[in-house]
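I opened a notebook for this structure and wrote down each thing I looked up.

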Amino acid sequence: MTAVAARELRDGEVVFVGIGLPNLACNLARATHAPNLVLIYESGAVGAVPERLPVSIGDPALVTGALMVCGMADVFQYFLQNGRIEVGFLGGAQVDRYGNINTTVIGDYAAPKVRLPGSGGAAEIAIHARRTLIITRASKRVLPERVDFITSPGQRAKGKSRRELGMPGAGPVKIITDLGVLEANAESGEMELAALYPSVTLDAMRAAVGWPLVARATIAALAAPAARELTLLRDVLDPHRRYLSGAA
Amino acid sequence: MRDAIARHVRDGDTVVIEGFTHLICFAAAHEIIRQKRRDLTLARLTPDLIYDQMIAAGCARKLVFSWAGNPGAGSLHAFRRAVEKGTPALELEEYSHFGMVARFCAGAARLPFWPLRDYMGTDLPVANPRIKSVNCPYTGETLATVPALNPDVTIVHAQRCDADGNAQIWGLLGVQREAAFASERVIVVAEELVDASVVRADPNRTIIPGMIVNAVVIEPWGAHPSYAQGYYDRDNDFYIGWEPISRDPAATDAYLREFVFGVRDRAEYMAKQPELSARLKARRQMAAGVNYGY
């Protein structure tokens with residue numbers, strides 16, 4: 001999953017990095033096919049080259065050796081809102097049929113069953129990044145038909161498309177999961193199955209999605225992570241398995 | 001620290017102890033807890049462990065924030081208990097990071113609001129009616145607006161400052177500058193006191209001018225378990241270890257009893273944990289000076 005996400009990044013792109021699997025994916029890409037990837041963290045580190053895996057997006061290792069460190073007012077206004085971020089990476093407790101993400105509450109906002117951390121920078125990243133990649137495990141609980149609360153908007157929200165709502169970026173173009181990859185339909189905005197891991201059946205994928213999943217005419221086979229990618233992930237980038245579990 | 005908090009932090013105040021992961025003044029928070037301040041409105045982008053501790057200690061009536069997690073570790077459980085169970089009762093006013101940043105920008109510029117291209121298609125304005133919108137008088141575009149945030153007191157942690165409170169900060173700056181300028185009162189807490197000539201030798205590094213500062217406190221290790229670039233590392237072990245402590249109210253109380261109520265000040269807190277210094281002290285990575293001559 002992390003390896004697949006890393007492959008989505010093109011060398012030289014400007015990426016807004018979140019903690020967890022997005023951070024791993026970006027650092028894996030930088031160590032393999034995209035050495036010129038420019039990592040920007042919402043904490044203010046621009047062109048960060050962390051020597052150790054940051055536990056948080058404000059880790060001191062992000063500052064040492066970075067190209068630039070700026071205040072957060074500059075990151076959000078002059079980099080993100082200015083349209084300079086090419087790729088945003090987001091995860092979420094719930095992601096729905098149109099790529100809307102919920103990281104706020106399970107249940108009712110006023111009296112939630114589970115209070116999640118909230119938006120952080122996710123709302124504005126989903127709105128402004130030129131394209132957004134969502135990375136999350138697949139299950140009906142995580143991929144419901146509709147999220148309980150829209151924290152970060154996807155392709156369609158409240159009956160309107162992104163364009164109609166005035167959002168500049170392309171929004172979530174892919175949802176990368178541990179079973180397969182969904183891609184946004186350009187017209188309907190709906191997330192459709194585009195690729196599967198070789199060991200995963202179409203039925204298994206459908207069973208993990210909370211809406212009637214449309215499968216594209218051609219489903220690509222996802223290549224398993226190469227030995228080098230696995231070694232980098234498991235031995236170099238995340239030796240303590242803070243973020244990786246079985247599905248790399 | 002005791003005098004600065006006694007004089008400048010009052011029950012019912014809107015208090016900001018900023019620092020985005022970096023330079024979070026836990027020492028000030030612990031003193032506020034010791035002095036049993038109540039009914040505070042606590043504002044920060046991320047509550048971090050610092051406000052989780054203050055919420056657990058019963059200091060807070062309200063939280064203004066944008067992300068309430070413990071990255072890589074789990075949740076802020078005192079915060080979650082307050083919101084999910086009402087123990088203790090906690091009012092929330094929630095934004096996104098950009099929204100909070102924009103609130104401080106407006107506050108610092110003494111404007112009533114700040115416009116941003118944000119929140120369309122999200123439920124955040126539904127949850128928080130203080131997020132509004134305005135039609136641009138020039139282009140007609142609808143922009144979101146957030147109200148200014150002007151704290152009663154902001155506590156800034158810096159690497160060094162002079163006796164007048166001219167504070168120099170390097171590494172992640174967060175929104176410390178904006179929060180300080182937006183605030184009625186400012187307390188600067190620094191790792192090191194330096195002569196004014198040191199500040200004047202590198203004026204680009206001065207982030208908080210002494211003219212807006214009400215009190216100066218020199219408190220080495222004042223940010224632990226947060227960090228000070230060039231002085232000590234973030235105590236990631238502590239942050240990860242906070243997950244089981246925070247999850248269990250009895251364990252949280254025991255932590256506060258031992259490390260907050262059970263010590264007179266930060267010096268005693270550090271003396272109680274002698275291994276911290278050896279484990280976290282920063283290595284040297286100096287930047288060459290620049291020529292300010294003309």
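How are H3(B) and H4(B) oriented to each other? I worked with a predicted model, in which local features need pLDDT of at least 70, side-chain atom pairs count only at pLDDT 80 or more, and totals for chains, interfaces and linings use all residues. Residues are numbered from 1 along each chain as its sequence is written, and chains are lettered from A and ligands numbered from 1 in the order in which they are written.

**Entry: two helices of chain B**

I looked up helix H3 (residues 48-56) and helix H4 (residues 77-85) of chain B, whose axes come within 7 Å and cross at roughly 50°. Axes are lines fitted to C-alpha atoms, for helices over the stretch in contact, and angles run from 0 to 180 degrees between N-to-C directions. Helices (H or I, at least four residues) and strands (E, at least two) are DSSP runs, numbered from the N terminus. H3(B) and H4(B) are therefore oblique to each other; angles under 35 degrees count as roughly parallel, over 145 as roughly antiparallel, 65 to 115 as roughly perpendicular and the rest as oblique.

I then noted who meets whom: B:Asp52, B:Ile55 and B:Ala56 in H3(B) meet B:Ala78, B:Phe79 and B:Ala82 in H4(B). Contact requires C-beta atoms, placed from the backbone, within 7 Å. By class, this contact has five nonpolar, no polar and one charged residues. Ala, Val, Leu, Ile, Met, Phe, Trp, Tyr, Cys and Pro count as nonpolar, Asp, Glu, Lys and Arg as charged, and the others, Gly among them, as polar.

**Entry: where the chains touch**

I found 42 residues from chain B and 41 residues from chain A in the contact. On the chain B side, H4, helix H5 (97-108), helix H6 (124-127) and helix H7 (176-182) each supply at least two residues. H5(B) gives the most, with four residues. That side of chain B has 18 nonpolar, 14 polar and 10 charged residues.

**Entry: chain A**

I recorded seven helices and 16 strands in chain A. Its radius of gyration, taken over C-alpha atoms, is 17 Å, close to the 18 Å that the globule rule (2.2 Å times the number of residues to the power 0.38) gives for 248 residues, so chain A is as compact as a globular protein of that length. The C-alpha atoms of chain A fill a box of roughly 50 × 40 × 35 Å along the principal axes.

I also looked up A:Ala25, which touches A:Thr2, A:Ala5, A:Ala6, A:Phe89 and A:Ile135, leaving out residues up to four places away in sequence.

Notes. Two residues are in contact if their C-beta atoms, placed from the backbone, lie within 7 Å.
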